[in-house]
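Here is a friendly briefing to read beside the structure. Keep the view open as you go, and follow along topic by topic.

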Amino acid sequence: SRRQLGVRADSWEFAQTVGSSTDRGQQSMLGRMAGKETWKLASDKVSPILTGGLNAFLSKYWARAPTAGLAMDFLENQQKGNLYFDHFAFRTFGMNGCGIDSLASTLQSFGYERRDNLIFKQKKLNAYWFAPPVPELPRIFISELQVEAFSDQVQEIIGKYTKQASPASDHMFLSGSLGVLPWKTPALEDFKALAEVSEYAAWTLVNGYSLNHTTISVHNLSRMNEIEDLVRGLEGADFKLNSSGGVVKTSPDGGLRQISTLADTFDFEFEGGKVVPVSGPYIEFAQRLVLPEFSHLPEDQIEEHHRRDGFEQGNADKIFESTQVGGS
């Protein structure tokens, strides 16, 4: 009943410790290779097209998120059994048919179900999360920039790119899984103009519909399965965590607790050949507490549906800031 990665804790045999920065750099290279080959979702209850597509997203993600690979390695070295995904997250432009539905249509055709709507007024974002067809697969969180809330200049810039992608808007899932932008290579001046008003917009322009982040289920860890213990462990291993709104983001009901690393950067080649470091993906960790009505259950009888489900606007608002280059 849990969202299981298709790899056991002994599969990353190349790295036994999180050591010096040099060691970590070498591990990250190996981690990227291992991630592409071994970090797989698996379920015989859904179409192999769905699991294959999600695994293709992961392959591209591990290559751009060395910190995520290192964090996984860190957890696996202390984990008995498997790690589990809580959810995947994507960003989109809400314009010319390139918003939430451009990804959701594919997911829903394979059995994902649309759930709660979340609004982020200050960031001008709209979002929905989608429940998986089987417990082995992660929840999916898809947000979109409310482009119409921005100036004419911003709308013109984003519209220039979304108009190119619009004829293939039903295939954004394919674009992201292949790791290709659905529009032509962006101009650096467009990226800078968007970055001045919305970090989210600038990120989406250069990352397209690739994975923004994955999330590991904290309560399913065999060690450090309380969020504060995990924070101490990650910070002790020199991982930089998003401190916007506090390192631990907690829902008002106390049932959902989340932390995240800061995003990695990668070199992006803009139109004309100019190469600039830009923000890429990151990794999150979520602890879902047992709902009060199930608090009487013995620990060995508690399953995922006994825990707090869904997402929380206040938590997610601060998690979004993990992609701010240089910290939050």
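Asp190 touches Ile157, Lys160, Tyr161 and Leu205, leaving aside residues up to four places away in sequence. Asp190 is found in helix H7, which covers residues 188–197, and with a relative accessible area of 7% Asp190 is buried. Please bear in mind that this is a predicted model.

- Ser210 sits in the loop between H8 and strand E5 (213–217).
- Like any residue under the 20% cut-off for burial, Ser210 counts as buried, with a relative accessible area of 12%.
- Not counting residues up to four places away in sequence, Ser210 is in touch with Phe57, Arg64, Phe90, Gly176 and Trp203.

**The chain as a whole**

- Ten helices and ten strands make up the list of elements in the chain.
- Of its 328 residues, 55% count as buried.
- If you look at contacts between residues at least 6 apart in sequence, 69% of them join residues at least 24 apart.
- The chain has an accessible surface of about 13900 Å², and 48% of that belongs to carbon and sulfur atoms.

**Salt bridges**

- Side chains of opposite charge can pair when their charged atoms come close.
- How many salt bridges does the structure hold? There are 15 salt bridges.
- One of them joins the side chains of Asp309 and Arg139, at 2.8 Å from N to O.
- Asp309 lies in the loop between strand E10 (282–288) and helix H10 (313–319), while Arg139 belongs to strand E4 (residues 139–145), so this pair ties together parts that are 170 residues apart in sequence.
- Is Asp253 buried or exposed? Asp253 counts as exposed, at 54% relative accessibility, while Arg308 counts as buried, at 10%.
- Arg308 forms a salt bridge with Glu312 too, where the closest N and O atoms are 3.1 Å apart.
- Through shared partners, salt bridges join Asp86, Arg139, Arg288, Glu304 and Asp309 into one network.

**The enclosed cavity**

- Rolling a probe the size of a water molecule over the atoms shows where empty space is left.
- Searching the whole structure turns up one cavity of 30 Å³ or more.
- The largest cavity has a volume of about 90 Å³.
- Which residues line the largest cavity? They are His87, Ala89, Phe141, Asn212, His213, Gln258, Tyr282, Glu284, Phe311, Ala316, Ile319 and Phe320.
- At least two lining residues of the largest cavity come from each of strand E1 (85–93), E10 and H10.
- By class, the lining of the largest cavity divides into seven nonpolar, four polar and one charged.

**The second largest pocket**

- This pocket has a volume of about 250 Å³.
- It is lined by 15 residues, and those nearest its centre are Gln122, Lys123, Ser198, Glu199 and Gln324.
- Helix H8 (199–207) and H10 are the elements that give two or more residues to the lining of the second largest pocket.
- The lining of the second largest pocket has five nonpolar, three polar and seven charged residues.

**Backbone angles worth a look**

- Lys124 has a positive phi of about 60°, although it is not a glycine.
- You will find Lys124 in the loop between strand E2 (113–120) and strand E3 (125–131), where Lys124 counts as partly exposed at 27% relative accessibility.
- Asp238, again not a glycine, has a positive phi of about 75°.
- Asp238 lies in the loop between helix H9 (227–236) and E6, and Asp238 is partly exposed, with a relative accessible area of 45%.

Terms used
Residues numbered from 1 in each chain as written. Predicted model: local features only at pLDDT ≥ 70, side-chain atom pairs only at ≥ 80, totals over all residues. Heavy atoms only, no water. Salt bridge = Lys/Arg side-chain N within 4 Å of Asp/Glu carboxyl O. Helix = DSSP H or I, 4+ residues; strand = E, 2+ residues; numbered from the N terminus. Buried < 20%, exposed > 50% of the residue type's maximum accessible area, 1.4 Å probe, protein only. Contact = heavy atoms within 4.5 Å. 1 Å grid on protein atoms, 1.4 Å probe; cavity = no way out; pocket = protein on both sides within 12 Å on 5 of 7 lines; lining within 4 Å. Points joined across faces, edges and corners; volume = space filled by probe spheres on them. Nonpolar A, V, L, I, M, F, W, Y, C, P; charged D, E, K, R; others polar. Areas by Shrake-Rupley, 256 points an atom, 1.4 Å probe, with all protein chains shown as cover.
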